[in-house]
Amino acid sequence: MDSAIVTPKYVSNFSCIGPDCEDSCCIGWNIYIDKKSYKKTMAHPKLKGLAKSAMKKIKRSDAQWAMIRTDAKGACLFLDSKKLCKIHSLAGEETLGETCRTFPRTSHIRESDKYETLSLSCPEAARLILFGSDAFIFERKQSGLRLTPQSSPDWLSKTYDYSIELLLSEQLNWQQALLSIGFLINSADKVWLKEAPSSALDSRFEQLSLLVEQGVLQEQYQSLPYVCEHQMQAFASIHGMVIDAHPRRDGERFGIIDDAITEVLDEDRVLDIDRINRAWNDIAAPALEEHGDIFKRYLLYYMYHEYFPSTLDDKPQSAFRLIALDCFMMRCYLAVIASKNNGLSESDIVLCFQVYHVVRQHQSTFIKGATDIMEKFSFSNVAGIISLLKTEG
């Protein structure tokens, strides 16, 4: 059977805005060139002179055959005065390296189908994902290819489908939806450990759906404790990781968030998580209502993009901890920006999600570091993990 390609509208609507981009991927990144593209560029009559000084051969692999040198501002040396790529304009898209040709597009294979998506580290991608009216309309078409099937275990496909159903429930806000998904993940853990059959997920989903209808789950969320000390420790630790790993930590966009955090320090220059949470309740959350349910859109993207709760040889709860932690960090970043600007514009929202995901989606050490921090502060059960999202008693 031929494989299919699944494409959400946020992918098909995407087009690079080049010099109009607020945070160009041609500036501030380590840009690698594969062997084939390197040879094409070096042989091109209009590029080979520049290429000799603009590319440094490193031969790490065929995929990382060379690295592009940058100027004092971190800009790719192949950019022209209009911030457009000379390789693209003079030699065509087919000469570009794989990264430059595809970013922010990416994809993954499930069963025998290809699922296309975008990285949130691109501002234009973030804008389409978070605000596009038709972003989550999906098109499925035959690819004409025969891909090697990569089968998913039954527990994974069930947990993925049920998680999305709970997320999209009109009776739950995004925090309550995450709590219900956390309970579902507990059952997924047992199936993953072979302590329960796959059918346990069906029973659990039916039970959770009933609890939602009865309003019990919503009450459970309200009864969870507000533990500001744990939130303060988690935010300070994770933001410290972001600072250390961010390739543009000295840039203007990262500086906007960092400066906003500085403004919510207390008189002893210590992070004031209560002030951040008040800013969320009083300014950020009301401002977000003007833009629709941003967090439900983000979580829908996240689940599709990551094929939640798949992990690399780890139990489902590891994926759940990460999704809750990411939402916590986004909530805090939006709150500090809202506090500084007394509101949130579309550009502010894009800024927070995009800047964070430059590290979250591209630094391989981030996941392990975040997991270690969650374990250090004992965020090891559903109530503890979801307590990160509470902003008041």
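This report walks through selected local features of a predicted model.

## Ground rules

Residues are numbered from 1 along each chain as its sequence is written, and side-chain values use heavy atoms, with hydrogens and water left out. Because the model is predicted, local features need pLDDT of at least 70 and side-chain atom pairs count only at pLDDT 80 or more, while totals for chains, interfaces and linings use all residues.

## Helix 9

Helix 9 covers residues 199-214. (Helices, H or I, have at least four residues and strands, E, at least two; both are DSSP runs, numbered from the N terminus.) Its 16 residues should span 22 Å at 1.5 Å a residue. (The expected span is 1.5 Å times one less than the number of residues.) The end C-alpha atoms are 23 Å apart, which agrees.

Which residues of helix 9 are buried? They are L201, F205, L208 and V212. They cover an arc of only 65° around the axis, so they sit on the same side of helix 9. (The arc is that of the directions from the helix axis to the C-beta atoms. Buried means under 20% relative accessible area, exposed over 50%, and partly exposed in between, with a 1.4 Å probe and protein chains only.) An α-helix has 3.6 residues a turn, so residues three or four places apart point the same way. The buried residues of helix 9 pack against helix 7 (154-167), helix 8 (174-192) and helix 10 (216-223). The face turned away from the buried side carries the exposed residues E206 and E213. After helix 9 comes G215, with a positive phi near 80°.

## Salt bridges

A search of the whole structure finds eleven salt bridges. (A salt bridge is a side-chain nitrogen of Lys or Arg within 4 Å of a carboxyl oxygen of Asp or Glu.) Side chains of opposite charge can pair when their charged atoms come close. D202 lies in helix 9 and K158 in helix 7, so the pair ties together parts that are 44 residues apart in sequence. D202 is partly exposed, at 22% relative accessible area. K158 is buried, at 19%.

Another pair is D372 and K368, at 2.9 Å from N to O. Both residues lie in helix 17 (residues 365-376). They are four residues apart, about one turn of the helix. D372 is partly exposed, at 35% relative accessibility. K368 is exposed, with a relative accessible area of 56%. Elsewhere, salt bridges that share partners join E22, E124, R127 and E346 into one network.

## E22 and R127

E22 is found in the loop between helix 1 (9-12) and strand 2 (32-33). E22 counts as partly exposed, at 35% relative accessibility. R127 forms a salt bridge with E22, and their closest N and O atoms are 2.3 Å apart. The pair links distant parts of the chain, with R127 in helix 6 (residues 123-131) and E22 105 residues away.

What does E22 touch, beyond residues up to four places away in sequence? The contacts are I17, P123, R127 and R253. (Contact means heavy atoms within 4.5 Å.) From E22 to E229 the C-alpha distance is 35 Å, and the two are 207 residues apart in sequence.

## A buried arginine

R297 lies in helix 14 (residues 294-306). R297 is buried yet has no salt bridge. The nearest side chain of opposite charge is D134, 7.0 Å away. (Lys and Arg count as positive, Asp and Glu as negative; His and the chain ends are not counted.)

What lies 2.4 Å from a polar atom of the side chain of R297? The backbone oxygen of G132 does. R297 also touches other residues, including L128, F131 and F136.

Most residues other than glycine have a negative phi, and most peptide bonds are trans. K59 has a positive phi of about 55° and is not a glycine. K59 is found in the loop between strand 3 (55-57) and strand 4 (66-68). R269 has a positive phi near 65°. R269 sits in the loop between helix 12 (252-262) and helix 13 (273-288). R269 is exposed, at 54% relative accessible area.

Where are the cis bonds? One joins F103 and P104, with omega about 5°. P104 is in the loop between helix 5 (98-102) and strand 5 (105-110). Another joins F308 and P309, also with omega about 5°. P309 is found in the loop between helix 14 and helix 15 (316-341).

Methods: Polar contact = N/O pair within 3.5 Å; in protein donor to acceptor, adjacent residues only side chain to side chain.
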